[in-house]
Amino acid sequence: SYYVDTFQSETDREAAVLDAVSYLPKPMILYTTKVAHAQEWADRLRDHGLRRVASVTGDSTDAGRRDALEGWSGRNAEGVTQTRYDVVVGTSAFGLGVDLDDVKTVVHACLPETVDRYYQEVGRAGRNGSPSIAYLATTRKDEGIAAKMSDEAVIGALRAWQRWEAMFHSRVTTQDRHRVSLDSYPPDMNEGFQRNRQWNIRILNLMVRSGMVAIHPPQAPPKEEGESDVSWKARLDQFYTTADGYADVELLDSDARNSESFRSRFEAERGKLLQGRSSALRELRAALRGNQCIGDVLGAYYRIPDGEGYRRTDITCRGCPHCRAAAEQLSTGFYRLAGEPRPPLPAPQ
């Protein structure tokens, strides 16, 4: 269920977010756009009397990130442990590897710069089928930051080629596929583990959209003839430990390995993506103002080719500013329900 407030001043926004974090159900994530804002919010929450607060940003160390995740989820390498945090304050870097199924609330003290980011972040709540809340508190100043960040989030063709070259140079080739490391980078582009991987994933996604490559999920290694169970299990464990760090790439035409052709096709696809994002960001703003159902925005944005046109995602909405103002709630507990929820809703207690 989506809730949105727009404030005239940062002071009013801060007061509303403090109330939201104090009273809404936990576990909870509080998202900001900038690293400095995440640390400021973590300190502000603690000063407000909330002690079970951690923060994760692109600047976090591996140890700090692991401590936050284990203390928040109540899980570590040995199994279940006692939780130490109710709230994690993070930027968009707080995402990879996060799959806690009982998150109840996601709060945004910012305006996400893309529909992708907003959808991925609110989608971290309610994964066990229980009702969850997405609350966004924004100010007019956020729109300029979001627009600037949206343009910066898509890498240019020249830098994309240099990153693609680094990935391809470290490849392992089997038959018609090339296993590339998502953590590869040119010597002058190391931006830290999280950022390097995010940039490389975005580049490969744009290459797929442009038709230059296809991406296949890595396949677990089969047991070799005469191999012992112990040896095979060790190889399987190694595979599952590292599988999210690489992708199996199939080259669909020679343009993927020609600098000029790559840059031409990549830039064309990049332009389409930026245009689509700009349009989607405008629609997201309209939805957050209550002029359109948030589900409509998501359904139109996440679509697949269907013949000469596109097929959009069916719309499910448990309540947003537009639907609450325009319609009575249905007996199902949803305003719009495209199909049975997955996972199913827990039975009432």
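Modeller: Keep in mind that this is a predicted model. A search of the whole structure turns up seven aromatic pairs.

Start with tyrosine 2 and tyrosine 118. Their ring centres are 6.3 Å apart, and their planes meet at 35°. An angle under 30 degrees would count as stacked and one over 60 as edge-to-face. The pair of tyrosine 2 and tyrosine 118 falls between those limits, so it is tilted. Where do these two tyrosines lie? Tyrosine 2 is in strand E1, residues 2–7, and tyrosine 118 is in helix H4, residues 115–122. The pair therefore ties together parts that are 116 residues apart in sequence. Are tyrosine 2 and tyrosine 118 buried or exposed? Both are buried.

The side chain of serine 1 makes a polar contact of 3.5 Å with the side chain of tyrosine 3. Serine 1 also touches residues beyond its neighbours within four places in sequence. Among them are Ser132, Ile133 and Ala134. Arg318, Gly319 and Arg324 are also in contact with serine 1.

Next comes a pair inside one helix. Tryptophan 164 and phenylalanine 168 have ring centres 5.3 Å apart and planes at 50°, so this pair is tilted too. Both residues belong to helix H6, residues 157–169. They are four residues apart there, which means about one helical turn separates them. Tryptophan 164 has a relative accessible area of 0%. For phenylalanine 168 the value is 7%. Buried means under 20%, so both residues count as buried.

Arginine 257 lies over the face of phenylalanine 168, at 4.0 Å from the ring centre.

Finish with some strands for contrast. Strand E12, residues 246–251, pairs with strand E10, residues 177–181. E10 and E12 run antiparallel and are joined by four bridges. Within this pairing, arginine 179 stands opposite aspartate 248. E12 also pairs with strand E11, residues 213–216, again in the antiparallel sense and over four bridges. There, alanine 214 stands opposite glutamate 250. In a regular strand, side chains alternate between the two faces of the sheet.

Notes: Residues numbered from 1 in each chain as written. Predicted model: local features only at pLDDT ≥ 70, side-chain atom pairs only at ≥ 80, totals over all residues. Heavy atoms only, no water. Pairing = 2+ DSSP bridges. Phe/Tyr/Trp six-rings, centres within 6.5 Å; stacked < 30°, edge-to-face > 60°. Buried < 20%, exposed > 50% of the residue type's maximum accessible area, 1.4 Å probe, protein only. Lys NZ or Arg CZ within 6 Å of the ring centre and 35° of its normal. Polar contact = N/O pair within 3.5 Å; in protein donor to acceptor, adjacent residues only side chain to side chain. Contact = heavy atoms within 4.5 Å.
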